[in-house]
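Dear colleague,

Please find below the structure that I am handing over to you. My notes on it follow directly after.

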Amino acid sequence: MAELEEEIEAFLVGATAQLKQACKDPAVIPALCAVISSSQNPLIRQTATVTLRLKVKKHWKKINPNDRESLKAVVLQVFMQETDHTVQHALSQLCAVMVKHETPDRWPALLQLLNQATKSTNPHDRQVGLLLLNKVIESNPESFQPHYFQLLQLLSTVLHDHNNPIALYYCILTLTEITAFIGTEEMKQMRSIIPDLIVALKHLIKANEQQATEAMEVFIELMEIEVSVIVPHVAGIVHFCLEVASDTTLSDSLRVKALSCITFLIKLRSKSVLKLKLLTPILKALFPILTAAPPLGEHDPEDEEDGDSDDNATDNANPKHCAAQVIDTMALHMPPEKLFHHLTPLTQACLSSEDPYQKKGGLMCLAVLAEGCADHIRTNMLSSVLQTVCRSLSDSSQVVRSAALFALGQFSEHLQPEVSKYCSELMPLLLGYLSSLNEAKVGHVTRAFYALENFMENLGADIEPYLPTLMETMLSALGNTNKLKIKELAVSAIGAIANAAKESLVPYFPPIIESLKGFLIATTEEMRSLQTQSLDTLSVLARTIGKDVFSPLAAECIQLGMNLTDNIDDPDLRRCTYSLYSSVATICPESLTPHLTAITTVMLLALKSTEGITAHLEEDKNFVLLDDNDDDDTDKGAEHLLEDEPETDILESAGFSVENAYMDEKEDACDALGEIAFSTGVAFQPFLESSFQQVYEMRDFPHEDVRRAALGAMGQFCRAQHKVWTENPSEANHQALLKLLDVVIPCFLETVRKDSERHVVMGVLESMNSVVKSCKEEVFKNPSYLREICSVIREVLTKKTPCQGGDPDDTDDEDQQAEFDAMLQEFAGEGIPLLASSVPADQFAPFLNDLLPLIMSKTKSSCTVADRSFSIGTIGEILQALVNAPGGRGLAGRLSNRLLPVLVAGVKDSDAEVRNNSVFGLGCLAEAAGPIVVSDYPTMLSVFSNLLAKESDQRVIDNLCAALCRMIMSNIDAVPLKQVVPALVKHLPLKEDMEENKTVFKCLVMLYKHSPDMVVELMKPIVAASSYAAGHKDVDQETQSMLVALIRQFAQNHSADFQAAVGSLPAEQQAKLCAAVSAS
């Protein structure tokens, strides 16, 4: 058999070589036309047709004009005579390629044939005519635009041909293709077709579910391209999709498609869904799907104990997952108040049921709400949902316990920081649960690790009491288990522990590193997943364990990564090495410098690569040997340059699918290049231009995560060049920065105005903010950018960008919106203070006057806590920015009458964060406006005095102390020091907002110069506060130096009082103070 296989292979290679040689002869076109007309063998006719297509696709302009005309005639004649469907399909694709070159008007015979065939009384002719119509329109939809009116009339008629499902199928596919190009003239026609379209789909479902699944794509295309066509029929489409999704006799893929249409509609038109009162029927249809029990003796895919439960693997073909996804999308795109009003009764009914699958459905619902409705859950119901989930962890059914673990993992990821406050209850529960598990049930163990890992990651210092137990568990798993999946989970968990514990993990570092190195030098295929995870954890350790501990290993880690990618071709593995390199670059950039050539080469190749992207032209798989580039490349002259079919990006082909691993690799390559450029500075200069060009190419990439990463990296390149210029100030470096900014800023602005994906726009606004923050006035060397950036901020704040839906129903309930929509506006608002600190105040004033009302409109008591907190926080940051801006004092003074009432009202808010931001804002107003607001001091001091008497939130008290200090430093004579300073000092030391120590000690130093006797009287509490802040990790070096200088003056000038004050401190505080004084 092996010999026979070799003979067949050799024969195929020989025959292919002969065919390729024959294709170089100009006479090949008539010869192939003869074959497709006369051969009796369908396979030979098909091969000849595909060969012709490949020839036409690349070399149409080189074909003799007579041969072109005869080919156009022959192919249509043969097409109508052909009886074999595969050959017909190949011929229709050949026509499609020809239409790309010959517009329909230059091929009247094609239009004539299409007209006759599609209107024929013979059902088979209609099918064949519609197949051809579909393929030629798919190939070049725009060229048929002049004929759309007649085309829509024809398709409207075909939709009534209910007994001819193949005709219906090609008719709907053609409608899908032209949707993107219809003009306002045809819009009305298209709108009137939709009821018939729904009826036609019902008939197609009965005849061929697979074709119906494909045909339902028409709804998604209509929603995406021309939402106004859909609007009158939203209810009809929703009810049809729910009917399909709820019918358990239909295939999973068809039901999933119906649910996808609903997901897409909610994403684009959530307001219409609410307005048409469709939320209740959608949820009522979803819950039976979400809570359905699997057939007897079977499990849901995520509950299978196959040892490698991968939730994502089954998402696409699983109605239950898709039902959860619809609720997830609702959470991301609807106001939480409205969603929970409808959802809570359904969820509670599930959770109080005895049926494990009902309970599971309720928990899955809570889990998927966590991301989109995080603020709502944190503020209104965190304690009760956590109790529900914890109770479910002791349920008798593993199905319920698994769902509870998933929910807990989701809460831990999205409900920070509040969820971490339950550490003392949840950590023992999770550790106890993990220790009780049977290692053989790998799927369930995976869920338990997922919950534990997500919860631990954000604990910070609160993890320390649990470190010994955790590390004993993880190191034991690395050394003792022979299950690779368990080792992988333990390695991943160590990364999460490191994120929380940071330097506290140092004692465990040697055994961790020993294990990771062992995994990374293995060569067997089964170790791949464990190696990928080891690289990820190594990256986390590089960032968290401390420079002194990790630096000695930096060079070895880079070498380990390079050895792996040299020997193993795996996108996941490469992706993790990029992350490792960028982590090492942040702590030890010099170790990366010698390898930058090799590392950037691999990353740029990953960005260029089309690996993992598959075009959907099934037949071509069999003819791939023919389709290479050497068959006519000898003539490289002018004609070659004019070739009208260059090898365009494969992603432009009509249908393509992408393997996620390759997309993740592109995304991580962009992220890593940006970070490495910033960390390595001058050393990266030789690679900056080539890296920028390749990343810039990805800015319009179809996959949104890659787009977001590319745009983020472009911002990092600007910051990297700015750093190089400030460290090496030359004209060439400055020009390079301005040149980069002139490409990147317009690109950012265009993305905000055009991209329909909200998280891409959020990423761009964040990147733009970081570029403005780093490069400041350099961004505005181009005078139009200030106006343009302010204009884009305004567009987001007024919900005018495509990613905000531009929904005409968006006029009601102005105060109610999805949390992620509010978050997008926060990213835009954060840009305003950054602009205020980057340009002179007089230049910024007209733009600020335009934007400020949009921010102030969110301070109303009817707005959400998140909105009130954001808007008042933004006002405070604008005032803080004006402190140092040229002309800032005058602008702050002019704004004071508008801002003071808003900030005073905010101090009385029921929410601590809003109060905190208001207090901060008042302090910044005093500092920024100076003497202009002296007349308002009595009001401000009265407000602060009332607040201090009853405030219990420590962060608010800390900020109140700092605000009083700002008032004193700004206008010392306007403050009754004898009353204010003792009250201020009484509330020291600061306990939560340690950054404000700088403000407090700066004020104390000033007071000591101004009124030394008063300060000496208060020395005891001041020394106590100093001992608390001295050596504190969250107090910066400048503040430490100020504090030490003040203490030294006390010691020199008031020795007895100072000794008494120090003597009253606990021994530990005394030691800290002495250490700080002697260290500086």
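Does phenylalanine 684 count as buried or exposed, and what is its relative accessibility? In this predicted model, phenylalanine 684 has a relative accessibility of 2%, and because buried means under 20%, it counts as buried.

Searching the whole structure gives nine aromatic pairs. One of them joins phenylalanine 684 to phenylalanine 717; this pair is stacked, with 6.5 Å from centre to centre and 20° between the planes. Phenylalanine 684 belongs to the loop between helix 35 (660-680) and helix 36 (685-697), while phenylalanine 717 belongs to helix 37 (residues 704-727), so the pair ties together parts lying 33 residues apart in sequence. Phenylalanine 717 also counts as buried, because its relative accessibility is 0%.

A second pair is formed by tyrosine 1008 and phenylalanine 1050. Their ring centres are 5.4 Å apart and their planes stand at 80°, so this pair is edge-to-face. Distant parts of the chain are linked here as well: tyrosine 1008 is in helix 50 (residues 997-1010) and phenylalanine 1050 is in helix 53 (residues 1037-1053), 42 residues apart. Tyrosine 1008 is buried, at a relative accessible area of 9%, and phenylalanine 1050 is buried, at 0%.

Returning to phenylalanine 684, ring pairs connect Phe684, Phe687, Phe692, Tyr696 and Phe717 in a cluster. Elsewhere, the charged end of lysine 1072 is placed over the ring of tyrosine 1028, at 5.8 Å from the centre.

I also examined helix 30. This helix covers residues 547-567, 21 residues in total, and its first and last C-alpha atoms are 29 Å apart, close to the 30 Å expected at 1.5 Å a residue. At alanine 554, helix 30 bends by about 50°. Alanine 554 is itself among the buried residues of helix 30, which also include Phe550, Leu553, Cys557, Ile558 and Gly561. An α-helix has 3.6 residues a turn, so residues three or four places apart point the same way.

Against which elements do the buried residues of helix 30 pack? They pack against helix 28 (509-520), helix 29 (528-544), helix 31 (571-587), helix 32 (589-592) and helix 33 (596-608).

Yours sincerely

Methods: Residues numbered from 1 in each chain as written. Predicted model: local features only at pLDDT ≥ 70, side-chain atom pairs only at ≥ 80, totals over all residues. Heavy atoms only, no water. Helix = DSSP H or I, 4+ residues; strand = E, 2+ residues; numbered from the N terminus. Expected span 1.5 Å × (residues − 1). Bend = angle between axes of the 7 residues up to and from the residue. Buried < 20%, exposed > 50% of the residue type's maximum accessible area, 1.4 Å probe, protein only. Contact = heavy atoms within 4.5 Å. Phe/Tyr/Trp six-rings, centres within 6.5 Å; stacked < 30°, edge-to-face > 60°. Lys NZ or Arg CZ within 6 Å of the ring centre and 35° of its normal.
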